[in-house]
Amino acid sequence: MSGRDPLCQSRRFRRGAALTLVFAGVLVTGAATGSFPDPADSGRGSVPQDAARATVRPDAVQKAAAEAMADGKSPMEAAERAVSRSGDRWGAVYSQGEYQEFEEALDGQYTGVGLWARRAGDGRIEVTKVQPGSPAAAARIRKGDRLRSVDGTAVDGRPVTEVVALLRGDALDAPTGTAVRLGLERGTRTWSETLRRARLSTDSVTVRRLSAGVTVIRIDAFTKGAGDVVRSAVRQTPARAGIVLDLRGNSGGLVTEAVTAASAFLDGGLVATYDVDGEQRALHAEDGGDTTRPLVALVDGGTMSAAELLTGALQDRGRAVVVGSRTFGKGSVQMPTRLPDGSVAELTVGHYRTPSGHTVDGRGITPDLVAGQRALERAETVLGGLGDPS
């Protein structure tokens, strides 16, 4: 028995998805993770309004942490309890090591084993992708394999975010090189595999061209440099080709990168407004974006935070047809607060809105055209109907 508060432990597990919006010199939403939840995970959904808007003052959390330290107790656990009791759904407390990993993830790096996973309808956890060159790839784990356990903990029925946290070793602050034992199943075969976590790089933006001449730009997360990659991809796309901007499963990232991506398709103007402790601010696109090329944005229930901010801008300003399913609904703003032991609390301080003034938090964004598993095909059809931009 560790003696650790179960409520605090549960909050630490949920950091696998890091569903937060941070101001730390630059605006941030979400975070890349060491092993990724699949956008098809049935555990995702919209957020209750009261839970989404609950807040706690930073000085109250700092006071709780300082008092705990003075009493010889854990400041971090005291802060976690204060955040939990406040009802701030998106508030979180990170150790120094966790916060460093969070920042590294935004630079396109993470510690993990290189697995993407989803929860199937029967509650089983399935591997949906294995990153080339990762520990999982070296162990010959394949797409379609079933993940039965992590370090002896059965994962069936668990939210994918908890499974991600187990793989990363979040509750242990597990660094690169630490071992994690996986229980796996493939057909009638069951076996165990011990992997060592490694520092891996992500390709947050991928570009491919379909046979119909359509260019698909997929953004998995808004890590550092992602916006410039999107702009470059748009410039390199043939003049008459339509673009599908695939934001499905995008859990967020740097808002500055989302604004840069918006600038690829907008000629200046408003991207979003937001408030911090009641002070109103605005984000604007740069001038000179491509405003005539046919554009479809693909979204789903895993589209969150910075990805919703981008989607809302393109939809409200009539720049893109949004296809897919309602987005997650994460539009709150968090501010990091340093605690006495060096840990960091991220606490909700405000919310952002789309150019038309729509609130995303707890509501999400409704697509113009609802589409399910064949959403990409529907997107191609829509692009054909938008006509030749020339």
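Student: What percentage of the residues of the protein chain count as buried?
Tutor: In this predicted model, 57% of the 390 residues of the protein chain count as buried.

Student: And how many helices and strands are there?
Tutor: The protein chain has eleven helices and 23 strands.

Student: Which residues of helix α8 are buried?
Tutor: Helix α8 covers residues 226-236, and its buried residues are Ala-226, Gly-227, Val-230, Ala-233 and Val-234.

Student: Why do they line one face of the helix?
Tutor: Seen down the axis of α8, the buried residues fall within an arc of 125°, so they line one face. An α-helix has 3.6 residues a turn, so residues three or four places apart point the same way.

Student: What is exposed on the other side of α8?
Tutor: Arg-235 and Gln-236 are exposed there.

Student: What covers the buried residues of α8?
Tutor: The cover includes the strands β13 (205-209), β14 (215-219) and β15 (243-246), together with helix α9.

Student: Turning to α9, at what angle do its axis and that of α10 cross?
Tutor: The axes of α9 (residues 255-263) and α10 (residues 306-316) cross at roughly 25° and come within 9 Å. An angle under 35 degrees counts as roughly parallel, and the two helices are therefore roughly parallel to each other. The crossing of α9 past α10 is right-handed.

Student: Which residues make that contact?
Tutor: Val-255, Ala-258, Ala-261 and Ala-262 contribute from α9, and Ala-306, Leu-309 and Leu-310 from α10.

Student: How many of the contact residues are nonpolar, polar or charged?
Tutor: Seven are nonpolar, and the contact of α9 with α10 has no polar and no charged residues.

Note on methods: Residues are numbered from 1 along each chain as its sequence is written. This is a predicted model: local features need pLDDT of at least 70, side-chain atom pairs count only at pLDDT 80 or more; totals for chains, interfaces and linings use all residues. Side-chain values use heavy atoms; hydrogens and water are left out. Axes are lines fitted to C-alpha atoms, for helices over the stretch in contact, and angles run from 0 to 180 degrees between N-to-C directions. Helices (H or I, at least four residues) and strands (E, at least two) are DSSP runs, numbered from the N terminus. Angles under 35 degrees count as roughly parallel, over 145 as roughly antiparallel, 65 to 115 as roughly perpendicular and the rest as oblique. A crossing is left-handed if the near helix is turned anticlockwise from the far one by less than a right angle, and right-handed if clockwise. Contact means heavy atoms within 4.5 Å. Ala, Val, Leu, Ile, Met, Phe, Trp, Tyr, Cys and Pro count as nonpolar, Asp, Glu, Lys and Arg as charged, and the others, Gly among them, as polar. Buried means under 20% relative accessible area, exposed over 50%, partly exposed in between (1.4 Å probe, protein chains only). The arc is that of the directions from the helix axis to the C-beta atoms.
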